[in-house]
Structures are given as C-alpha cells and as structure tokens.
Amino acid sequence: MEHADTLEIFLVATPGLEAPLRAEAQQKGFADVTAVPGGVICRGTWSEVWRANLCLRGANKVLVRLGSFPAVHLAQLDKRARKFPWSQFLRPDVPVRVEATSRKSRIYHAGAARQRIERAITETFGVQVSPEASLRILLRIEKDICTFSVDTSGDPLHKRGHKPTVAKAPMRETMASMLLRECGFDGTEPVLDPMCGSGTFVIEAAEIALNLNPGRSRSFAFESLKTFDPAIWADMRAQHAPSEADVMFFGSDRNAGAVDASTSNAECAGVASVTRFQTRSVSDIKPPTDQAGLVIINPPYGARIGDEKRLRSVYGTLGKVLTSKFVGWRVGLVTSNASLARSTRLPFLPAGPVVDHGGTKIRLYQTKPLA
C-alpha cells in the first residue's frame with residue numbers, strides 16, 4: 001500500500017533475529033511493522049528514518065525505498081534512471097556509491113546495470129560517483145522490477161560510536177541486545193555475564209535499563225541527504241531523557257585484559273555507574289546481588305579441532321556452578337554446538353532459532369528460573 005507522504009523503511013536484521021527486531025520496532029511506536037526474511041518493514045516520514053537509526057538497538061542498517069519501475073533491458077533502465085527524481089534526495093555536492101544486484105530478471109548483469117545508474121546520476125544531476133563514498137544507493141532488480149533504495153545509516157549500526165576496545169570474536173551489539181530481548185530482559189533485573197569479553201552484553205543491558213539511545217554518540221549517512229533537517233534532528237536528539245536504573249549489571253572474565261577493556265568500554269558508553277567488572281574464573285562465580293535475574297553467556301564454541309574436550313569441562317563446570325549457586329536466576333547461553341550446551345546439564349527449554357553470527361550458526365539456549 002503506497003501512502004504518498006510516507007516511505008517504506010527496511011530495517012536490516014541479523015538473520016534469525018527478525019522477530020525480536022519486529023517486537024522492538026512495535027514497542028518503540030513505528031507504524032505498519034511486518035517481519036520478512038532478513039529484516040522488518042515499517043512506514044514513516046524521513047524523521048522516522050532518523051529516529052530508527054537513533055533509537056533501535058536491533059537493526060543493523062536502516063534502508064529507505066526511493067522508488068521503483070519495470071525495465072527489461074539496459075537501454076530502458078538507462079532512460080528511466082535519467083528520469084528518476086534524484087534531486088529530491090541527493091545533494092549535488094555529496095558523492096555517492098552505487099551497488100546493484102539482479103535476480104530472475106532479463107537484465108542479469110548487475111555490473112552493467114550499476115554503470116548505467118552511475119552515469120545517469122552523474123550526467124543528469126552532476127553528482128560524483130566514488131567507490132569510497134559513504135552514501136550508498138542500492139539498485140535491486142527482481143523479476144524485471146528495478147527498485148532504488150538508500151542506506152541511511154552509513155557505518156553498520158552495531159558500531160555505536162562509543163566503544164573503542166573489542167575482544168576477539170566479539171558479539172555484535174545489535175545481536176546482543178536482541179538476544180537479551182529474547183531472554184525476556186526489560187531493564188528491571190540484574191544481569192551477569194561470567195565470560196564477558198569486551199562487555200557487550202553487560203553494557204547493552206545497562207543502556208537498555210538507563211533508556212539510552214544506541215545511536216547517541218555517532219553520525220549517520222542520512223545527514224548528507226537533501227531530505228535532512230538539522231534543526232528537527234537536533235531537537236530529536238535533545239528530547240530524549242535517560243532514566244534512572246535501580247539495578248546493577250555485572251561482568252566477569254578470567255582474563256584481566258578483558259575486564260580492563262569492559263571497564264573502559266562501560267565508561268565510554270556512560271554506564272560505569274551501573275556496571276561492575278571483575279577478574280574471576282567461571283568456577284568462582286557467585287550471585288552478585290540478592291535479587292535474582294539473568295545470567296547470559298556467549299562461551300567459546302571450539303571451532304578448532306581438539307578444543308571440544310577442554311570446552312566440555314568448561315561448560316560442565318559452568319552448569320554445576322549455576323545449578324548449585326544461582327537458584328531463581330534464568331540462564332541464556334549462546335553456542336553453535338548443541339552437545340556442548342547439553343554438557344552443562346542445565347534444564348534448557350527448546351533452542352531458539354538459528355542465528356547467523358558472522359557465518360557461524362548459533363542458537364540461544366534458555367532456562368526458566370533455576371530451582
């Protein structure tokens with residue numbers, strides 16, 4: 001359904017986490033929200049596009065559909081691209097880069113299609129095309145329908161803009177926040193990550209509790225579009241009031257370097273007052289507070305041969321400690337290996353959907369409050 005005054009906005013999800021992103025978009029008041037494979041579609045004005053970039057924790061990118069038309073050969077594509085209302089969106093002084101894909105279409109050569117679009121934009125509108133440009137125009141040709149979109153985010157949205165230090169094999173912030181949501185976390189209970197790495201789960205949990213916008217520290221590609229209004233944007237950013245949190249968020253790791261990194265990341269994110277990190281092995285953890293909450297863990301998966309035996313004992317120890325000391329706490333465990341999850345002997349509910357974590361297929365295993 002086309003509404004003249006609203007845009008089709010596509011929120012790119014981590015594959016497997018479309019459902020929690022849809023729930024988040026609905027909770028934050030976006031209109032006509034529908035989940036589709038790979039993301040969530042909603043509708044709104046340009047200011048809603050800016051708000052999506054600023055406030056949605058689970059979207060990897062925010063794309064806006066600019067328009068579409070049928071074309072069955074390159075000459076037709078060229079002619080229609082030259083008539084497309086680029087001047088409504090693009091500024092002549094801001095270079096763009098064009099990316100094209102083609103599926104099930106008579107125009108099958110995506111590279112040739114891309115070149116036609118680049119020439120059309122440059123020759124009819126004087127915009128420079130550069131492979132280094134941070135503003136991306138996307139052409140998708142599917143079943144002979146050509147659709148133009150613009151990537152309004154720029155850098156992927158997991159780059160929150162306030163986290164300098166990253167551990168190896170990091171959990172992306174967008175993914176961490178959606179896994180917290182899948183565990184039923186809403187900001188009102190304590191969280192412990194006993195293998196905290198660079199602190200991503202703990203910091204995301206703290207930001208959710210404090211109601212901090214994930215995009216508060218960074219800039220976005222939409223700021224260089226013609227449709228951008230700096231005054232409305234400044235107002236939108238200023239309107240947001242963080243809340244007080246009366247719970248704390250805890251991380252521990254046996255690696256002192258990880259604990260230092262987590263501590264400085266929490267300071268940069270402005271959540272140091274509600275987070276605590278300490279050096280501790282999994283066998284030494286205990287509940288950090290009297291109020292039961294959520295233990296969430298992304299342990300190593302043992303991708304290399306020979307790791308599995310050693311990891312089995314780590315998972316086994318983790319399960320024993322949680323079972324004996326964490327009565328009343330829920331557990332969320334993220335792993336690519338079902339047999340490692342089983343070796344914790346924890347009473348897991350059926351595993352969550354398969355999630356694509358940078359090419360590794362992981363799942364979330366959850367328990368009810370431990371008895």
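This is a predicted model: local features need pLDDT of at least 70, side-chain atom pairs count only at pLDDT 80 or more; totals for chains, interfaces and linings use all residues.

Reader: Which residue forms a salt bridge with Arg160, and how far apart are the closest N and O atoms?

Author: Side chains of opposite charge can pair when their charged atoms come close. Here the partner of Arg160 is Glu204, with the closest N and O atoms 3.1 Å apart. The pair links distant parts of the chain, for Arg160 lies in the loop between β7 and α5 while Glu204 belongs to helix α6, 44 residues apart. Glu204 also counts as buried, at 1% relative accessibility, and salt bridges that share partners join Arg57, Arg160, Glu204, Glu207 and Arg216 into one network.

Reader: Are Asp151 and Lys61 buried or exposed?

Author: Both Asp151 and Lys61 are buried, and they form a salt bridge whose closest N and O atoms are 2.6 Å apart. This pair, too, links distant parts of the chain, with Asp151 in strand β7 and Lys61 in strand β4, 90 residues apart.

Reader: What are the relative accessible areas of Arg140 and Glu142?

Author: Arg140 is partly exposed at 43%, and Glu142 also counts as partly exposed, at 25%; their side chains meet in a salt bridge of 3.5 Å, N to O.

Reader: How many salt bridges does the whole structure hold?

Author: A search finds 21 of them, in a chain that has 48 positive and 37 negative side chains.

Note on methods
Residues are numbered from 1 along each chain as its sequence is written. Side-chain values use heavy atoms; hydrogens and water are left out. Lys and Arg count as positive and Asp and Glu as negative; His and the chain ends are not counted. The place of a charge is taken as NZ of Lys, CZ of Arg, CG of Asp or CD of Glu. A salt bridge is a side-chain nitrogen of Lys or Arg within 4 Å of a carboxyl oxygen of Asp or Glu. Helices (H or I, at least four residues) and strands (E, at least two) are DSSP runs, numbered from the N terminus. Buried means under 20% relative accessible area, exposed over 50%, partly exposed in between (1.4 Å probe, protein chains only).
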